[in-house]
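Q: Hi! I have a structure open and would like to chat through it with you. Ready when you are.

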Amino acid sequence: MTTTTERPTTTTAQSLTLTDLVKTYTARGRESFAAVKGINLDIAPGELVALLGPSGCGKTTTLRMIAGLETVTSGSIKIGDREVSQLPAAKRGIGVGFESYALYPPMSVRDNLLYGLKARKVKGAEQMVDSISTRLEMDELLGLRPAGLSSGQKQRVALARALVRNPPVLLLDEPLSHLDASARQRVRRELKVLQREFGYTTIVVTHDQVEALSLADRLAVMDAGVVQQFGTPDEVFDDPANLFVAQFVGEPAINVVEGVVRVADGRTRVEIGSRAGHLETSATSVPDGTRVKVGVRPQDCSLTESGEGVAVTVAYFEHLLEFGLATTTVSGMEDGLVVQTPATEEYQLEQTAVVTAPAERVYLFDAETGDRLR
């Protein structure tokens, strides 16, 4: 006889709106510190948003304010039409999975997952736990206690405990960081499927750009307590708002070199290096003679034997099976250009070549502020 496992009822997704959200830490005898500086995010029902940024940028503090674990200095947090910034965490109806696990040591994994459901007298709690456990490939863990789990297994249990609540808003802080590479890929795919299936409005905090780009509908790239850019993965990767975003998102990292803008014959070029050549750019509002930072991604660069472009010398070549990476030097410059090459091509040390790139993929940034110039 076969039995079917009952699935959790699909939740009613709600929007999440952050308006001028600020968190300032103060201590007697010390200068106050603004960890979050006026964040504004409007997240649609059922949307998955990643807060992406380096350590200390304010992303976890933002998550903790939404969860009710940090007080809000000023600003507003709304779930749907309900203002929750002053409500205690238990009354916000939010599912939370933090990197620190926060599991109950005396309880088995099954009891850890059931605890909150039974406290709220949720019907079908056992079936809900079985369903989530199977989806996250952790059935064999249900009878164990947290002390007998690896860090990766503990993280999977913490993730399951957040998901099993079937919350209208789900907050996950570095949910995959302790998993090994193969488990991370499997759980990441299953998390995306579950999020789509059950409609959780989700915020994921991560410093892993691959995780953010693969999971998120939109990214909020943060630095120093400020959202530097909020957009789809394609928008953030293809149209970075400033130099920080361009450098933080993308692997291999974007090339950034100094250049001088030259406008002539209706074309805008940027000179790079000492008589090394130039790249054409689609930026049209930058005056002739302006010193800028030039950004061009290795994936957008090509190596040719001759022609218009930047003359380079191959200093190092890595063959990475699916593609190659040629690290080059440019005359008169400390920094060279890295070029991603097709898997069928190979380059020798000291080989000379010319780097070219499509004009629309050559980005200009203000040399002082890092703001994008268009």
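Q: How many salt bridges are there between domain 1 and domain 2?
A: The count between these two domains is two, where a salt bridge is a side-chain nitrogen of Lys or Arg within 4 Å of a carboxyl oxygen of Asp or Glu. This is a predicted model, where local features need pLDDT of at least 70 and side-chain atom pairs count only at pLDDT 80 or more, while totals for chains, interfaces and linings use all residues. Residues are numbered from 1 along each chain as its sequence is written, and side-chain values use heavy atoms, with hydrogens and water left out.

Q: Which residue forms a salt bridge with Asp239?
A: That's Arg372, with the closest N and O atoms 2.8 Å apart.

Q: Which elements give two or more residues to the domain 1 side that touches domain 2?
A: Helix 7 (233-238) and helix 8 (243-248) do. Helix 7 has the largest share, three residues. Helices (H or I, at least four residues) and strands (E, at least two) are DSSP runs, numbered from the N terminus.

Q: Where are the domain bounds, then?
A: Domain 1 covers 16-246 and domain 2 covers 252-373; the bounds come from an automatic or database domain assignment. Their C-alpha centres lie 38 Å apart.

Q: And how much area do the two domains bury between them?
A: About 860 Å², with 54% of it on carbon and sulfur atoms. Buried area here is the accessible area (1.4 Å probe) that two parts lose on being put together, summed over both. On the domain 1 side, Phe237, Leu243 and Ala246 lose the most area to domain 2, together 59% of what that side buries.

Q: How many residues are in contact there?
A: Nine from domain 1 are in contact with eleven from domain 2, contact meaning heavy atoms within 4.5 Å.

Q: Back to Phe237: what sits over its ring?
A: The charged end of Arg297, 4.1 Å from the ring centre. The rule asks for NZ of Lys or CZ of Arg within 6 Å of the ring centre and within 35 degrees of the ring normal. Arg161 also lies over a ring face, that of Tyr104, at 5.8 Å from the centre.

Q: New topic, the backbone. Which residues does a cis peptide bond join?
A: Glu251 and Pro252, with omega about 0°. Pro252 is found in the loop between helix 8 and strand 11 (255-264).

Q: What about Ala224's phi, positive or negative?
A: Positive, about 55°, although Ala224 is not a glycine. Ala224 lies in the loop between strand 9 (218-223) and strand 10 (226-231).
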